Structure formats: structure tokens, C-alpha cells
Amino acid sequence: MYGVKGGEKPAASMKDVAEKAGVSTATVSHVINQTRFVAEETKVKVIQAMKELDYRPNSAARSLRSSKSKTIGLLIPVMGSDTSNFFFMSIAQGIENKLKEHGYNLILSNSNEQPENEEEQIKAYNAQLIDGLIMAPTGTDQSYLENTLSGTYPVVFIDRKPQGYDGDCVLVDNFQGTNEAVKLLFQKGHKKIGYVSGALGISTSDERLSGYKRELEEHNIPVLSSLIKIGDASFDTGYKLTKELMEKEKITALLVANNVMTMGAMAYLQESQTKIPEELAVIGYDDYDWAKITTPPLTVIKQPAFELGVTAGEALLERINNPEKIFEEYRLSTEMVIRKSI
């Protein structure tokens with residue numbers, strides 16, 4: 001029979017240590033297992049709390065955790081037949097290639113862009129004794145991760161930068177991509193440039209809009225809200241917002257900062273028989289095969305998806321081997337693929 005004998009004080013738990021030290025249970029776990037960088041001041045608080053409470057980590061659990069499963073989790077936020085599938089699948093391929101070199105397997109799961117699903121999937125990973133997790137977060141506020149992640153494995157964030165949670169990040173330089181696109185359109189003589197984007201509030205969309213605005217400001221051109229159209233990242237919304245810009249604003253160029261919306265925008269422009277680039281110059285996002293066969297072939301901002309995956313794999317392996325190093329942010333450059341649409 002398991003329990004505490006009469007008169008004996010119940011053994012302190014990890015939760016007790018966390019409360020005494022004023023930190024999360026995940027942070028206590030990181031200190032015990034050395035699975036993540038923890039600031040020295042915080043580490044001292046945790047160790048002091050453990051001493052005062054006479055807390056002794058379960059040696060069997062620690063022994064189990066110290067044995068490697070050679071399995072890594074990958075959590076991505078794709079929806080249905082969304083073409084971002086292609087982007088994240090390219091990332092997954094890069095991650096898998098890098099991990100295989102070191103004998104690791106990859107388990108893939110999907111949050112479907114829903115924070116509740118994301119939390120559920122993380123809890124499922126917690127039970128699987130993975131050695132690490134690579135994830136593209138669903139939104140900006142990831143502070144809940146402090147209490148959801150088990151603290152027994154490291155995490156690397158990809159594509160989107162989380163808010164409220166520290167960790168290694170592997171990102172694309174989204175600001176650079178749209179900034180260079182607007183610069184190119186200025187070189188071609190355009191000053192009234194329409195902008196179509198997915199919802200703001202995630203780092204990718206926010207940074208791309210900043211890149212667009214900054215280049216306008218550099219040329220002393222006012223940033224007009226009427227030329228900036230924001231909506232959910234879907235084919236239909238790309239179609240609708242492009243239609244609005246063409247009917248209500250006299251734009252001479254269009255920059256679409258999302259891959260799915262680019263398809264919707266091109267569908268409207270071809271349906272309305274808009275002459276590209278004579279009547280409208282167009283730059284889209286992501287270089288898929290269909291962009292090469294539109295009429296005319298589409299100029300795009302290309303993201304290094306496969307390379308992002310390889311870098312994420314390298315960052316996670318480095319973190320597994322060196323758990324206490326300072327967190328790093330890796331930024332990969334975009335590339336302008338110039339075709340006949342400008």
C-alpha cells in the first residue's frame with residue numbers, strides 16, 4: 001500500500017517547489033532535468049525552494065527521461081486543403097532530412113490553426129516521451145505554454161515568433177521580403193500600391209505589413225489605410241479584397257502577402273481580364289509551380305521553406321546537446337523571383 005505513515009509530513013511535490021519559488025512547474029522541471037536555459041537568479045530560487053522543502057526528484061522518472069526515445073514532435077497549423085500545406089510540408093521534409101542524419105524519427109501533428117487543438121497536441125506529446133518539439137504557434141500569446149509544456153524536452157519555434165514564452169526561433173525575414181518587393185515596384189515607377197494580407201496578430205503578417213509601410217515612408221509616400229486590405233487567409237478573401245481594390249482604388253500595382261490569397265487575387269484578375277503588367281503589376285507570395293504558368297508568369301517573394309526546416313532541425317539538435325545555452329533567433333532571407341507580372 002502506497003501512502004504516508006501517520007504523523008509523517010507528506011513529501012513535497014514539484015508543484016510545491018514551483019509555488020515556493022514563484023515559478024511554473026515547467027521551470028522547476030527544466031532546472032532538475034537541465035532541458036532548457038534558465039536564468040541563474042531563477043535557478044537559485046528553485047534550488048533554494050527544493051532544499052527548504054526537502055524535495056527529492058523521483059529518480060526513476062529522471063532515469064526514464066534520461067533515456068532517449070530518438071523521436072521528435074512537429075506541430076504545424078494547417079487548415080484543410082490550404083496551400084500552406086505545401087510550405088509546411090517542405091519545412092517538414094527539411095527537418096526530417098536533418099534529423100535522420102542523427103538517427104531521429106519525426107512525429108507530425110496538426111493544430112488546424114486552433115489554440116485548443118495546439119494545447120491538446122502538446123499534452124499528447126508530453127505523454128509520448130519525445131526528445132524535443134518543433135512547432136509553428138497558432139497565435140501571438142503563447143504564455144500558456146509555461147504550464148502546458150512538460151519541461152522534460154526542448155522546444156524550437158518555426159515560422160512565427162511566440163509572445164510570452166522564450167525559446168529558440170527559426171524564422172523567415174518577412175520584413176525584408178515585402179520591403180524589397182515594394183522597392184522593386186517603385187523602381188518600375190509605381191506609387192499607388194495596393195496591399196492584401198491575412199489577419200494580423202501573428203508575427204509573419206505583422207512583419208510583412210511593416211516592410212510594406214517602411215518602404216512607402218522611405219519614399220515620403222503616405223500610408224493609406226484604403227490601400228491596405230486585411231482578411232482571413234483564404235482564396236475567397238484574396239479574390240474579394242483584390243476586387244475591392246480594383247473597383248474602388250486606382251492602384252497601379254498589387255502586393256499580396258499570403259500564398260492562398262495570391263491564388264484568389266490572380267483568379268479575380270484573370271476573370272476581370274485585367275492586363276498584367278500593362279494595367280496592373282502584381283507580386284505574390286511563395287513560389288509554387290502554378291505561379292510559373294499564370295498569364296503572365298507571376299513575380300513572387302520566395303520563402304526558403306526546406307532550408308528553414310533544416311535549420312530548425314540543427315537548432316533542436318544543438319539545444320538537445322547543449323540545453324543551457326542562451327536562446328537564439330535564426331533569420332533566413334527571402335528571395336525575389338522576378339517574372340513577367342511586373
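Trainee: How many salt bridges does the structure hold?
Mentor: The model we are looking at is a predicted one, and the count rests on a side-chain nitrogen of Lys or Arg lying within 4 Å of a carboxyl oxygen of Asp or Glu. By that rule, the number of salt bridges in the structure is 18.

Trainee: Which residue forms a salt bridge with Glu40, and is that partner buried or exposed?
Mentor: The closest N and O atoms of Glu40 and Lys43 are 3.9 Å apart. Glu40 counts as exposed at 53% relative accessibility. Buried means under 20% relative accessible area, so Lys43, at 18%, counts as buried.

Trainee: What is the N to O distance in the salt bridge of Glu119 and Lys123?
Mentor: Both residues belong to helix H6 (residues 115-126), where they are four residues apart, about one turn of the helix. Glu119 is partly exposed at 28% relative accessibility, and Lys123 is partly exposed as well, with a relative accessible area of 48%. Their side chains meet at an N to O distance of 3.8 Å.

Trainee: Where do Glu244 and Lys240 lie?
Mentor: These two residues form a salt bridge whose closest N and O atoms are 3.4 Å apart, and Lys240 counts as partly exposed at 48% relative accessibility. They are four residues apart, about one turn, and both lie in residues 235-248, helix H10.

Trainee: Which residues are linked with Lys161 in a network of salt bridges?
Mentor: Here the salt bridges join into a network. Linked with Lys161 in that network are Glu207, Glu329 and Arg331.

Key. Residues are numbered from 1 along each chain as its sequence is written. This is a predicted model: local features need pLDDT of at least 70, side-chain atom pairs count only at pLDDT 80 or more; totals for chains, interfaces and linings use all residues. Side-chain values use heavy atoms; hydrogens and water are left out. Buried means under 20% relative accessible area, exposed over 50%, partly exposed in between (1.4 Å probe, protein chains only). Helices (H or I, at least four residues) and strands (E, at least two) are DSSP runs, numbered from the N terminus.
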